[in-house]
Amino acid sequence: MSTETVASTTKKESLFSKKNRRLLVDPLDDSNPITVQVLGICSALAITVQLQQAVIMSLSVLFVMIGGNVIVSLLRNMIPDRIRIIVQLVVVASLVIIVDQVLKAFQPDISEKLSVFVGLIITNCIIMGRLEAFALANKPGPSFLDAIGNAMGYAWILLAVSVVREVFGSGAISLPGMGQIKFLPSSWFMSEGGFYENNNLMILPPMALITVGIIIWIQRSRNQALIEEN
Amino acid sequence: MAIDKNSTGYTFLFSIAMVVVVGTALAFTALSLKDRQDANAADKKMIDILGAIGVKADRSNASEIFAEYVVERIAIDLEGQQVSSTKEPVNPKDKTDPFSIDVKKDYRSSVKSAAKSADGDDAALMAALADEGLTFPLFQCVTDADQNLYVIPVVGSGLWGPIWGYVALEDDMKTIFGAKFDHKTETPGLGAEIRESFFTEKFKGKQLDVEGATLFSVLKGGAPTDEYSVDGITGGTITSKGVDEMMNRTLKVYLRYFQSETRAQR
């Protein structure tokens, strides 16, 4: 017990040490869960039609990720090895249910649009992956940072993709609680006798894949270390 | 401490403790958010009912607009007799309010299996459901043009899960004024299209065949349609059939009400 307290004080001092900063920054670029590890890509493709959905989804994943990582990290010395995956699953599933219930109560419209994808956060590989690979072997402090890092790595890709898709696909940007803000006067649209037409292809699922592909392309040409040798 | 983390006893104790903690947390969350969720569900229901009569509403003004257009809420039984009616403002917590009748729950718990075994035979269905004490809600609305409309909730089964909707009838009780359908898990691009306006538009102005054997048909893709039928969704045959089935089954109940004595006296 006494060693625990000593450990936690030293941990506090080094919370923003170089090593811990890497936990936070690495997943944004070098080990991004979506573009480098290609995890959690299913939801990234499915809910990026509108920015507001992506924002809510990112916040949900951030909450589940932090909660899951910290709880599992706190329990890491108590969890029996044989049932550790089930324990992780129970922790993640309960957090996801809480998120789902809160969304249904406070953001019913977005909850309806996200439909099954909130529930599917449970199966998001990023979360189970971080619990198993990091939280189970590290203290709550670093686990907390690791959770934020990975959730943000997931979030910025989601936000970037959804901004591209919504701007070109709907000619608008939407934020939770603010509705959709249109850029162009409606008289510019062809249906109103104008010259502009939204690119419907951007709304369709394949464009999410292509947009993520372009992000990966830019990332790799900027960061040559990510390119595998054959 | 000398506890063997991997012993069977510890594993069991850990699991039990975990379940208790998690169960409590979830129960607490569900209970504390229930009121808000119910209010949201009631708003959604109002928006859908108003959608069937072509009135747009959103969550911020649903209850005001609902109160403005829906003048009376009626509950009828399986034989078409009126059980209760109210013109008071909607109170989602009042279980006797026809608005609170949960047709989806009734469908799940009793109507679904009965409808399956009756296989379209209305008399058999009535016999099977006779003891269930089911009630069916009916919403009487008045439009801006002083037209009387009757909105009827319908529930049925699609390919993967439940489908439901609202059908609005005109004052003659057989012309369809409008319809709105929704689903939970139908195939995107196929069965899921029943919620789209291109499909629901087709119902406008169609007739119910009051004298015929089937009231209304949703036909398989491409078949010629008459005033008593619409074209179903190509590739969504089972979902279209579900729409067909739920409309025929439910509207027959309401038809008995429209033709009954209570109705004539009004």
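Which residue takes a positive phi near 60° in the hairpin of β3(B) and β4(B)? It is B:Asp146, and the hairpin has 5 residues between the strands. This is a predicted model, where local features need pLDDT of at least 70, side-chain atom pairs count only at pLDDT 80 or more, and totals for chains, interfaces and linings use all residues. Residues are numbered from 1 along each chain as its sequence is written, while chains are lettered from A and ligands numbered from 1 in the order in which they are written.

**Strands of chain B**
- Strand β1 (residues 70-77) and strand β3 (residues 135-142) of chain B pair in the antiparallel sense over 7 bridges; strands are DSSP E runs of at least two residues, numbered from the N terminus, and two of them pair if DSSP finds at least two bridges between them.
- Within β3(B), B:Thr135 is the bridge partner of B:Asp77.
- β3(B) also runs antiparallel to strand β4 (residues 148-157) of chain B, joined by 4 bridges.
- B:Gln140 has B:Tyr150 in β4(B) as its bridge partner.

**Where the chains meet**
- The contact draws on 15 residues of chain A and 17 residues of chain B, with two residues in contact if their C-beta atoms, placed from the backbone, lie within 7 Å.
- On the side of chain A that touches chain B, helix α5 (residues 84-106) of chain A gives the most, with 9 residues; helices are DSSP runs of H or I, at least four residues.

**A look at B:Met18**
- B:Met18 sits in helix α1 (residues 8-52) of chain B and touches A:Val87 and A:Val90, not counting residues up to four places away in sequence.
- From C-alpha to C-alpha, B:Met18 and B:Phe198 are 50 Å apart in space, and they are 180 residues apart in sequence.
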